[in-house]
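I will write down what I looked up, in the order in which I looked.

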Amino acid sequence: MEDLAEAFCRGAKERPGLRYSKELRQLAIEYGWKARAQGCSRRWIAEQLGVSESSVIDWLRRSDEPCVPGSSRVHEVKLTEPAVAVSGPVLVMPSGARVEGLSMRDLVSLLGTLR
């Protein structure tokens with residue numbers, strides 16, 4: 001995997017102009033998907049490649065599929081305990097954070113402090 005980052009960095013130093021070639025972007029995408037499959041953050045990937053995090057995000061987002069054979073954007077989740085039905089309100093935030101077990105009044109209060 002490190003050879004991809006080194007090849008990208010070498011090519012980036014030698015590139016004419018400011019834009020990255022399609023080949024360089026493909027190296028970055030392949031490196032990015034391999035690193036993501038190992039749990040690396042996009043910020044870390046950007047630091048390793050010497051580019052902005054927004055470039056990494058854009059390149060990975062524009063690539064249709066991960067370039068790593070056998071990897072996937074979908075992760076299997078196995079429950080270790082049986083799921084329990086929750087009675088009462090549940091707050092699920094856009095980040096995926098889930099809050100259960102509070103009264104409606106406490107949830108409203110919590111949301112007020114998060115604003």
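The entries below go from the whole chain to its helix pairs and then to its salt bridges.

**Entry 1: the chain as a whole**

I note at the outset that this is a predicted model. I looked up the secondary structure and found five helices and two strands in the protein chain, which follow one another along the sequence in the pattern α-α-α-α-β-β-α. I then turned to burial, and buried residues make up 24% of the 115 residues. The accessible surface of the chain comes to about 8,900 Å², and carbon and sulfur atoms account for 51% of that area. For contacts between residues at least 6 apart in sequence, I recorded that 39% join residues at least 24 apart.

**Entry 2: helix 1 against helix 2**

I wanted to know how these two helices are placed, bearing in mind that two packed helices are described by the angle between their axes and the distance between the axes. Helix 1, which covers residues 2-14, packs with helix 2 at an angle of about 150°, and their axes are 9 Å apart. Angles over 145 degrees count as roughly antiparallel, and the two helices are therefore roughly antiparallel to each other. The crossing of helix 1 and helix 2 is left-handed. On the helix 1 side I listed Glu2, Leu4, Ala5, Ala7, Phe8, Gly11 and Ala12, which meet Leu24, Leu27, Ala28, Glu30, Tyr31 and Lys34 in helix 2.

**Entry 3: helix 2 against helix 3**

At what angle do the axes of helix 2 and helix 3 cross? I found roughly 140°, with the axes coming within 10 Å, and the two helices are therefore oblique to each other. This crossing is right-handed. From helix 2, the residues making the contact are Ala28, Tyr31, Gly32, Ala35 and Arg36, while helix 3 brings Arg42, Trp44, Ile45, Gln48 and Leu49.

I followed the chain onward to Gly50, which lies in the loop between helix 3 and helix 4. Is Gly50 buried or exposed? Gly50 is exposed, with a relative accessible area of 59%.

**Entry 4: salt bridges**

How many salt bridges does a search of the whole structure find? The search finds four, and I wrote notes on some of them.

Glu30 pairs with Lys34, and their closest N and O atoms are 3.7 Å apart. These two residues are about one helical turn from each other, because they sit four residues apart in helix 2 (residues 22-37). Glu30 is partly exposed at 25% relative accessible area, and Lys34 is partly exposed at 26%.

Arg43 forms a salt bridge with Glu53, with 3.5 Å between the closest N and O atoms. This pair links distant parts of the chain, since Arg43 belongs to helix 3 (residues 42-49) and Glu53 to helix 4 (residues 53-62), 10 residues apart. Arg43 counts as exposed at 53% relative accessibility, whereas Glu53 counts as partly exposed at 28%.

Glu100 forms a salt bridge with Arg98, and here the closest N and O atoms are 2.4 Å apart. I recorded Glu100 as partly exposed, with a relative accessible area of 40%.

Technical notes
Residues are numbered from 1 along each chain as its sequence is written. This is a predicted model: local features need pLDDT of at least 70, side-chain atom pairs count only at pLDDT 80 or more; totals for chains, interfaces and linings use all residues. Side-chain values use heavy atoms; hydrogens and water are left out. A salt bridge is a side-chain nitrogen of Lys or Arg within 4 Å of a carboxyl oxygen of Asp or Glu. Buried means under 20% relative accessible area, exposed over 50%, partly exposed in between (1.4 Å probe, protein chains only). Contact means heavy atoms within 4.5 Å. Accessible areas come from the Shrake-Rupley method with a 1.4 Å probe; for residues, only the protein chains shown count as cover. Axes are lines fitted to C-alpha atoms, for helices over the stretch in contact, and angles run from 0 to 180 degrees between N-to-C directions. Angles under 35 degrees count as roughly parallel, over 145 as roughly antiparallel, 65 to 115 as roughly perpendicular and the rest as oblique. A crossing is left-handed if the near helix is turned anticlockwise from the far one by less than a right angle, and right-handed if clockwise.
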